[in-house]
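Here is a brief report on the structure shown below.

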Amino acid sequence: MEKKFEIKDLITVGIFTALYFAITFAVACIGFIPIFMVFMPLLVPIFAGIPLMLYFSKIKHFGMVTITSVIIAVLMFITGHPYPVFIFCIGAGLLTETVLKTGHYQSIKSCVIGSSTFSLWLLGMLIAFFFGFREAYLNSLVDGYGQEYVDKMTGYTPTWVFFAMIAMCIIGGLIGGLLGAKVLKKHFRKAGMA
Amino acid sequence: MTFGLSSTSDKSVLKLDPRTKLCLLTAISLIMVGGKTVGAEYILRVICAAIPFILLLTVRHIKSALIYMILLGLSVFCEGSVIPHISGAANLILMIICGILSRFVPGYMMGWYTVRSTSVSEFMTAMDKMHVPYFITIPFSVMFRYFPTLGEEYRSIHDAMKMREIGQSVKNPFTYIEYVLVPIMMSTVRIADELSAASLTKGLCAGGRRTHICQINIRLYDRLLIIGALAMIVLFFVF
């Protein structure tokens with residue numbers, strides 16, 4: 001395993017981040033239906049975990065996941081999410097990096113765990129509903145979406161849901177990682193692509 | 001207008017600097033997604049909604065500009081005069097649809113305009129001038145180039161499935177996702193390999209300081225637009 005960081009790796013980062021982001025975005029769109037918003041951290045990693053596993057199998061160097069997380073943070077910030085998304089994204093990226101590193105970027109087990117730790121960045125997207133951001137965010141929703149919508153959202157998101165969401169991220173990430181591992185085994189290992 | 005030679009953006013009447021576009025994009029999505037619909041912010045929203053329309057016209061995407069205007073008009077009309085008159089589940093559904101449309105479509109169109117009107121070399125040059133490190137710019141430019149390709153790939157896979165009469169008959173959503181996702185992932189891997197081969201040929205790995213052949217300058221209207229965008233962001237946070 002060579003240590004040098006190459007342009008090839010950067011291209012891999014770019015292309016897989018695009019795929020991951022597109023899938024995340026597609027799944028996250030159903031989060032506008034209030035009840036699905038709560039389950040979004042469970043659903044997104046299940047679907048997005050599949051390409052993520054393929055991506056992890058391509059990773060050979062330290063830093064690639066971190067770059068992915070930085071890019072996702074910037075994209076999320078540009079599309080109007082509050083700034084804590086940076087903390088969560090980069091934190092999740094570094095955590096995943098460490099997990100993958102302990103598996104020497106080869107063990108499937110650490111990839112699956114990495115898929116679940118990487119999913120934790122989704123919390124950055126949802127933190128607006130909790131803690132100090134809650135009041136301001138819900139108030140800004142009132143005249144955009146109407147009181148009825150906000151009431152529903154308020155009902156669905158008491159503080160304990162945040163901790164449930166952490167669990168959902170991890171479980172969803174595990175399911176997605178296992179699915180991804182299965183898909184890799186079924187389709188890519190044979191073709192020599194993973 | 002001359003065609004050929006230079007990059008993809010030469011159909012444009014008004015040639016903006018990529019930095020200006022990014023600035024506008026940030027302003028628009030910040031204001032449209034997070035903004036309120038009352039008071040001073042309403043005016044900001046109107047301005048923000050108009051910018052992608054005008055910019056799309058300048059790159060002669062008249063059709064998409066019109067579709068955008070109609071969509072936005074419809075959703076604003078619904079929010080204003082239809083929703084107060086109905087209640088219950090229909091209200092909620094309509095509210096959500098209109099909310100999504102009026103919030104995300106302007107930002108999306110601005111993003112689409114940015115991707116469509118900026119060539120990769122323009123983007124790289126602009127980022128280089130902003131002193132963004134290369135390990136951020138390269139993945140970013142690959143990504144923006146790849147998003148349209150992803151759409152194309154998806155459509156081709158969809159067509160291929162239709163031709164073989166699979167698609168409607170697949171009831172299990174996981175099977176459907178596998179049928180779509182696996183080919184996309186395959187082509188993603190292939191495209192990544194091809195791109196790195198291409199970049200190798202173009203000497204991207206050579207190291208040393210890279211120079212740029214394409215010329216981008218911040219002109220007077222770029223300055224005006226950047227100041228305008230910054231002013232809007234400041235106003236948005238003040239109110």
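## The α4–α5 pair in chain A

In α4(A), the residues A:Ala92, A:Leu95, A:Thr96, A:Val99, A:Leu100 and A:Thr102 meet A:Ser110, A:Cys111, A:Ile113, A:Gly114, A:Thr117 and A:Phe118 of α5(A). Contact here requires C-beta atoms, placed from the backbone, within 7 Å. By class, this contact holds seven nonpolar, five polar and no charged residues. Ala, Val, Leu, Ile, Met, Phe, Trp, Tyr, Cys and Pro count as nonpolar; Asp, Glu, Lys and Arg as charged; the others, Gly among them, as polar.

Helix α4 (residues 84-102) of chain A packs on helix α5 (residues 108-118) of chain A at about 175°, with the axes 9 Å apart. α4(A) is therefore roughly antiparallel to α5(A), the term for angles over 145 degrees. Axes are lines fitted to C-alpha atoms, for helices over the stretch in contact, and angles run from 0 to 180 degrees between N-to-C directions.

## Model and numbering

The model is predicted: local features need pLDDT of at least 70, side-chain atom pairs count only at pLDDT 80 or more, and totals for chains, interfaces and linings use all residues. Residues are numbered from 1 along each chain as its sequence is written, with chains lettered from A and ligands numbered from 1 in the order in which they are written.

## Where chain A touches chain B

Contacts link 36 residues of chain A with 42 residues of chain B. On the chain A side, the elements giving two or more residues are α1 (7-28), α2 (34-58), α3 (64-78), α7 (134-145), α8 (147-156) and α9 (159-191). α1(A) gives the most, with 13 residues. This side of chain A divides into 23 nonpolar, nine polar and four charged residues.

## Chain B

Chain B has eight helices and zero strands. Helices (H or I, at least four residues) and strands (E, at least two) are DSSP runs, numbered from the N terminus. Of the 239 residues in chain B, 29% are buried, with 20 or more other C-beta atoms, placed from the backbone, within 10 Å of their own. Among contacts in chain B with a separation of 6 or more, 71% join residues 24 or more positions apart.

## Helix α9 of chain A

α9(A) has 33 residues. The helix reaches 47 Å from its first C-alpha to its last, close to the 48 Å expected at 1.5 Å a residue. That expected span is 1.5 Å times one less than the number of residues. α9(A) bends by about 45° at A:Lys185, the angle between axes fitted to the seven residues ending there and the seven starting there.

Buried residues of α9(A) include A:Met165, A:Cys169, A:Gly176 and A:Leu184. Just after α9(A), A:Gly192 takes a positive phi of about 70°.

How values were computed. Parallel < 35°, antiparallel > 145°, perpendicular 65-115°, else oblique. Contact = placed C-beta atoms within 7 Å. Buried ≥ 20, exposed ≤ 12 C-beta atoms within 10 Å, placed from the backbone.
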